[in-house]
Amino acid sequence: MENVICNVNGKLAEVIINRPKALNALNSQTIKELGEVIDDLSSNKEVKVVIITGSGDKSFVAGADIKEMRDLNAMEGRALGRLAQKVFSNIEHMPQTVIAAVNGYALGGGCELASACDMRLASKKAKFGQPEVTLGITPGFAGTQRLPRLIGKGLAKEIIFTGDMIDVEEAYRIGLVNKVYDPDELMDKAREMANKIASRGTVAVSLAKAAINDGLNMDTESAYKYEADIFGLCFSTEDQKEGMTAFIEKRKADFKGC
Ligand code: CAA
């Protein structure tokens, strides 16, 4: 692959968007490569947590590639949107936990990619924004949908309508970012969080992800029933027996992920 690096190390996978000369902007090739990497990782039973970051120390992803987009027609623009939406949706719904380690600019498609991840850890240098309206377009990689669900309609409208960037303190204040770290400790902290999640009951974490993601798209009563079904399903796993037995025997659980 030319623009995406994937390093698998035991239970963790690190996916690096690697177009530093364009501040890791997502051209269609990069989006397709990311899609292939995510498909491969989704079916990898060894990998429990995926960290997505950008190469270099300046940018996570500076958006969709403006140079590639300038001459698109309406049908091509829609196809690009659908392509990235599908890849980001696969990230959102993959069985593993996905952590965005936001090491710099997360603009437009970059903010949308980070928003599709389960959580966002950011460096003090990170900046977020949806500058599409400054280019005469709307967000097209699901930013108009995920951002308001993450931070609320009013704040999402402010960010999208003004096109302004926000710094990491503001992103943390409004709940777009889970944690903020010094740039040189970001990846270690992301790995620490990833290892902690990977040490938990794999099926439970994966089912909790599905319960949150899918439940939020249901009416409340259906979501409660769905949660109870998922809760019940946990009792068919070895991890549940091991987790509860380990508690009673006052030892650390040794989860097998089944
Ligand atoms: N697409 C293509 N190239 C990009 C890019 C992008 N989104 N962002 C940066 N680059 C390129 C620049 O063109 C430049 O290339 P050249 O050296 O060949 O000129 C290189 O990366 C370095 O960028 P700058 O010189 O601009 O770096 P800077 O430090 O002065 O500024 C920045 C950094 C503020 C991030 C600025 O690059 C910028 O504003 N980039 C565009 C951000 C943007 O508007 N993103 C949204 C895109 S639209 C979108 O994402 C739609 C959607 O919903 C999916």
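A salt bridge here is a side-chain nitrogen of Lys or Arg within 4 Å of a carboxyl oxygen of Asp or Glu. With that in hand, look at D118 and K209: their side chains meet in a salt bridge, with 2.9 Å from N to O. Please keep in mind as you read on that this is a predicted model.

**Two domains and their interface**

The domain assignment of the protein gives domain 1 as residues 4-198 and domain 2 as residues 202-248. By these bounds, D118 belongs to domain 1 and K209 to domain 2. The count of salt bridges between domain 1 and domain 2 is 1.

Here is the interface in brief:

| Item | Value |
|---|---|
| Distance between the C-alpha centres of domain 1 and domain 2 | 27 Å |
| Area buried between domain 1 and domain 2 | about 590 Å² |

Which parts of the chain build the domain 1 side? Both α3 (74-93) and β5 (97-102) supply at least two residues each to the side of domain 1 that touches domain 2. The largest share of that side, 3 residues, comes from α3. By residue type, the side of domain 1 that touches domain 2 divides into 5 nonpolar, 3 polar and 4 charged residues.

In terms of contacts, 12 residues of domain 1 meet 7 residues of domain 2. Of the area that the two domains bury between them, 41% is on carbon and sulfur atoms. Three residues deserve a look on your screen: K48, H93 and P95 supply 46% of the area that domain 1 buries against domain 2, more than any other three residues.

**Aromatic pairs**

Now for the rings: the structure holds 2 aromatic pairs. One of them joins F88 and F141. Why is this pair called edge-to-face? The ring centres of F88 and F141 lie 5.8 Å apart and their planes stand at 90°, so the pair is edge-to-face; planes over 60 degrees apart count as such.

F88 sits in helix α3, while F141 sits in the loop between β8 (127-129) and α5 (143-151), so the pair ties together parts that are 53 residues apart in sequence.

Conventions
Residues are numbered from 1 along each chain as its sequence is written. This is a predicted model: local features need pLDDT of at least 70, side-chain atom pairs count only at pLDDT 80 or more; totals for chains, interfaces and linings use all residues. Side-chain values use heavy atoms; hydrogens and water are left out. Domain bounds come from an automatic or database domain assignment. Contact means heavy atoms within 4.5 Å. Buried area is the accessible area (1.4 Å probe) that two parts lose on being put together, summed over both. Helices (H or I, at least four residues) and strands (E, at least two) are DSSP runs, numbered from the N terminus. Ala, Val, Leu, Ile, Met, Phe, Trp, Tyr, Cys and Pro count as nonpolar, Asp, Glu, Lys and Arg as charged, and the others, Gly among them, as polar. Rings of Phe, Tyr and Trp (its six-membered ring) pair if their centres lie within 6.5 Å; planes under 30 degrees apart count as stacked, over 60 as edge-to-face and the rest as tilted.
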